[in-house]
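Here are my notes for a first look. Please keep the structure open as you read.

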Amino acid sequence: MKCDWVKDNIVFYVYNELEDDARYEVEQHLSRCPDCAAELKTARKFHATLSQAPVAEPSPNLLAASRMRLQEALETTTQGGFWQKLVFDPGNWMRQLRMAPAMVAAIFIVGFGGGIAATYNFMGGRSPIVAADRTPGTDSSPMEASITGIRSITQDPGSNQVNIKYDTVSTKDIQGSLNDQRIQQLLLFAARNNFNSGVRMDAVEKLTQAPNETNVREVLMYSLQNDTNPGVRLKALDGLSGFVRQDVRVRDAVLQSLISDANIGVRMQALHLVEPMKADSGVRAVLARLSQADQNASIRSQARAMMAQVPEMD
């Protein structure tokens, strides 16, 4: 047995991940090789040091964002390739994993995230366990860390009463007005973190009814800049439309969407929103850029028409 192979597998030996025959061979080699024995001592010391360090808990926002990215990746993964080899030829992968610690770590992370997503989907398929939380003055709003997803959002016709079903270990139901802090917290959570784009759209639509709240405006800007669904981004633009003139940050977010959004409908709506501010220097600079070099003919034409309506500045 060569020293290089032993040193490559020292970590597996320390973590008891070697098969019995390989473990026996490593131990026999270590008994007669001082260099590899020293390597083992160093690895065990490093492992002991790591074991004493506190384990940091991920933040609720990080967990939610990771779940969303994982769900989107799983939905768009094509059949075959990596997954096909992994399912139909596991022996080959296991042989490679013994010599690839980094790959082991990567597959462990994917497996952990997949377990979370599978648990969410499993719970989503079960009959909901409804806990009515409609009594005024009952305990505080749900903590984000305990929420796995928002199941549905409905609004009573002709009123501002909103009903939200959300999942923790079981499905719960909460009802209240749009001014209710608990309702707003769940809507904010749904707008940023839910797997279902339809639920995100419902959340953003409800939030546009109360865009004066600073945190609501922040979430609308976040949805405009980051949501993968163009319908959600359009809803966010609608909610921000009344603040393009007075809030520079909102105006910058709309201009950024006008420049770089992948959806022409979102860009056209953003162009419409900044038209009343076409005399603003920042807006003029963007319009000048679009009128000369934008790849979309409609955007170029409208930008030129808007520039023509602005008097020349000395």
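1. How many bridges join strand β2 to strand β3, and do they run parallel or antiparallel? Six bridges join them, and the strands run antiparallel. β2 covers residues 149-155 and β3 covers residues 161-167. Bear in mind that this is a predicted model.

2. Stay with this hairpin. Gly 149 stands opposite Asp 167 in β3. Five residues lie between the strands, and Gly 158 takes a positive phi near 75 degrees in the hairpin.

3. Next, the salt bridges. The count comes to nine. Glu 27 and Arg 23 form one, at 3.6 Å from N to O. They sit four residues apart in helix α3 (residues 20-32), so about one helical turn separates them. Glu 27 is partly exposed at 34% relative accessible area. Arg 23 is also partly exposed, at 21%.

4. Lys 235 forms a salt bridge with Glu 205, with the closest N and O atoms 3.8 Å apart. This pair links distant parts of the chain: helix α12 holds Lys 235, helix α10 holds Glu 205, and they are 30 residues apart.

5. Asp 280 pairs with Arg 251 in a salt bridge, at 3.3 Å between the closest N and O atoms. Asp 280 is in the loop between α14 and α15, while Arg 251 is in helix α13. Arg 251 has a relative accessible area of 12%, so it is buried. Asp 280, at 27%, is partly exposed.

6. Arg 217, Glu 218, Asp 247 and Arg 249 are linked in a salt-bridge network.

7. Last, the surface. Val 11, Tyr 15, Phe 46 and Leu 50 form a nonpolar patch there, with about 410 Å² of accessible area together. Leu 50 lies in helix α4 and is partly exposed at 45% relative accessibility.

Conventions
Residues are numbered from 1 along each chain as its sequence is written. This is a predicted model: local features need pLDDT of at least 70, side-chain atom pairs count only at pLDDT 80 or more; totals for chains, interfaces and linings use all residues. Side-chain values use heavy atoms; hydrogens and water are left out. Patches are made of residues with over 30% relative accessible area and no salt bridge: like charges are joined within 9 Å, nonpolar side chains (Val, Leu, Ile, Met, Phe, Trp, Tyr) within 5 Å. Accessible areas come from the Shrake-Rupley method with a 1.4 Å probe; for residues, only the protein chains shown count as cover. A salt bridge is a side-chain nitrogen of Lys or Arg within 4 Å of a carboxyl oxygen of Asp or Glu. Helices (H or I, at least four residues) and strands (E, at least two) are DSSP runs, numbered from the N terminus. Buried means under 20% relative accessible area, exposed over 50%, partly exposed in between (1.4 Å probe, protein chains only). Two strands pair if DSSP finds at least two bridges between them.
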